[in-house]
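User: I would like a close look at a single part of this model, with its surroundings described as well. Please keep it plain.

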Amino acid sequence: MTLKEIAEVLEAKVLCGHDRLNEEHESAFASDLMSDVLTLGDYNPVILTGLCNMQTIRTCEMGNLDIIVLVRRKKASEEMIEEAEDEGMVVMESDFSMFKACGLLYQGGMQPIF
Amino acid sequence: MHLEYQVFEADFVNAGAASSAIKKTLKQLNVNPQIVKRVVVALYEAEVNAIAHAYGGMIYADIDADKIIVKVVDKGPGIPDIEWAMQEGNSTASPEVRNMGFGAGMGLPNIRKNVDRLDVQSTVGVGTSVEMEVRFV
């Protein structure tokens, strides 16, 4: 799916990385645990998470993960958006639950990485 | 090249700042991105550990042409049973640490997976030293 399609399906608000929305991505990973997010090796899946604080951005920066979907109505702080912009990340917010967001992306053709 | 960073107890706002700085340095040195990622993931876990579990400490990084050695030395309280702490799922993290997305008992196991050499020394009441080496080739 393109990032634009992902944003549409999740009725998500794109906070930064608008210039990257035509990029196509095929895999996603969902977790609220940042240590899990750091076990993904060389993959760069779309990250879905309900964890919404500076560590979300920092952890993704450390793991070379640069597409983040915040689910469960979580709202990113200005500081998070600034840091994500500096790192060239795409960050979006969806009001959907993690389960619904994952289901919709799976239905749209996104693949798990394991 | 020798780099040093100080980390402070419960300073979650800046957790990752040292790892981020070392990441940028390694990128500037044109180290293979996959190796940079291994170094940074391990270092970040260790940095978060020093902030979440210890009374702060120091990070020392020595980079040469073929490897990086990073030592994270904290000021205690120390790990009573290192073998227990190295097992996935074992954690003594506070609710605050868990709210930050950590504390799942994955830190030390994650570090071990990403480095070529790991040496954890700890004395209860004194502190813990985590030394890790990643080779570039």
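This is a predicted model: local features need pLDDT of at least 70, side-chain atom pairs count only at pLDDT 80 or more; totals for chains, interfaces and linings use all residues.

In which sense do strand β4 (residues 117-123) of chain B and β5(B) pair, and over how many bridges?

Analyst: Strands β4(B) and β5(B) pair in the antiparallel sense, over seven bridges. One residue pair to look for is Thr123(B) with Gly127(B), the latter in β5(B): they are bridge partners. The two strands form a hairpin with three residues between them. Within this hairpin, Gly125(B) takes a positive phi near 90 degrees.

Strand β5(B) also pairs with strand β3 (residues 67-74) of chain B. That pairing is antiparallel and is made by seven bridges. Here Ile69(B) stands opposite Glu133(B), which belongs to β5(B). Pairing of this kind, parallel or antiparallel, runs through backbone hydrogen bonds between the strands of a sheet. Strand β5(B) covers residues 127-135 and is mostly covered, with eight of its nine residues buried.

Glu131(B) is a residue of this strand that can be followed in detail. Its relative accessible area is 17%, so Glu131(B) counts as buried, the limit being under 20%. The side chain of Glu131(B) makes a polar contact of 2.9 Å with the side chain of Arg117(B). Leaving aside residues up to four places away in sequence, Glu131(B) touches Ile69(B), Val70(B) and Lys71(B), and also Arg117(B), Leu118(B) and Asp119(B). Of these, Ile69(B) is the residue that stands opposite Glu133(B). As background, side chains in a regular strand alternate between the two faces of the sheet.

The loop between β4 and β5 of chain B contains Val124(B). Val124(B) has a relative accessibility of 57% and therefore counts as exposed, for which the limit is over 50%. Not counting residues up to four places away in sequence, Val124(B) touches Pro77(B), Gly78(B), Ile79(B) and Pro80(B). The C-alpha atoms of Val124(B) and Pro80(B) are separated by 6.0 Å, although the two residues are 44 residues apart along the chain.

Turning to rings, the structure holds two aromatic pairs over all chains. One of them is formed by Phe29(A) and Phe114(A), is tilted, and has 6.1 Å centre to centre and 45 degrees between the planes. This pair links distant parts of the chain, 85 residues apart: Phe29(A) is in strand β2 (residues 27-30) of chain A, and Phe114(A) is in the segment after β6 (111-112) of chain A. Phe29(A) is buried at 13% relative accessibility, whereas Phe114(A) is exposed at 78%.

Tyr44(B) and Phe102(B) also form an aromatic pair, this one edge-to-face, with 5.9 Å centre to centre and 75 degrees between the planes. Tyr44(B) lies in helix α2 (residues 33-53) of chain B and Phe102(B) in the loop between α4 (95-99) and α5 (107-114), so the pair ties together parts that are 58 residues apart in sequence. Tyr44(B) is buried, with a relative accessible area of 0%. Phe102(B) is buried as well, at 5%.

A ring in chain A also has a charge over it: Lys100(A) lies over the face of Phe96(A), at 4.1 Å from the ring centre.

As for cysteines, the count of disulfides over all chains is zero. The sulfur of Cys60(A) has its closest cysteine sulfur in Cys16(A), 11 Å away, which is too far for a bond because a disulfide needs the sulfur atoms within 2.5 Å. Cys60(A) is buried, with 1% relative accessibility. For Cys102(A), the closest cysteine sulfur is that of Cys60(A), at 14 Å, so this too is too far for a bond. Cys102(A) is partly exposed, with a relative accessible area of 28%.

Six strands form an open sheet with mixed pairing, in the order β1-β5-β4-β3-β2-β6. Its edge strands are β1 (13-16) and β6 of chain A, each of which pairs on one side only. Strand β6(A) pairs with β2(A) in the parallel sense, over two bridges. In that pairing, Pro112(A) in β6(A) is the bridge partner of Ala28(A).

Technical notes:
Residues are numbered from 1 along each chain as its sequence is written. Chains are lettered from A and ligands numbered from 1 in the order in which they are written. Side-chain values use heavy atoms; hydrogens and water are left out. Buried means under 20% relative accessible area, exposed over 50%, partly exposed in between (1.4 Å probe, protein chains only). Helices (H or I, at least four residues) and strands (E, at least two) are DSSP runs, numbered from the N terminus. Two strands pair if DSSP finds at least two bridges between them. A polar contact is a pair of N or O atoms within 3.5 Å; within protein, one must be able to donate a hydrogen and the other to accept it, and residues adjacent in sequence count only if both atoms are side-chain atoms. Contact means heavy atoms within 4.5 Å. Rings of Phe, Tyr and Trp (its six-membered ring) pair if their centres lie within 6.5 Å; planes under 30 degrees apart count as stacked, over 60 as edge-to-face and the rest as tilted. A charge sits over a ring if NZ of Lys or CZ of Arg is within 6 Å of the ring centre and within 35 degrees of the ring normal.
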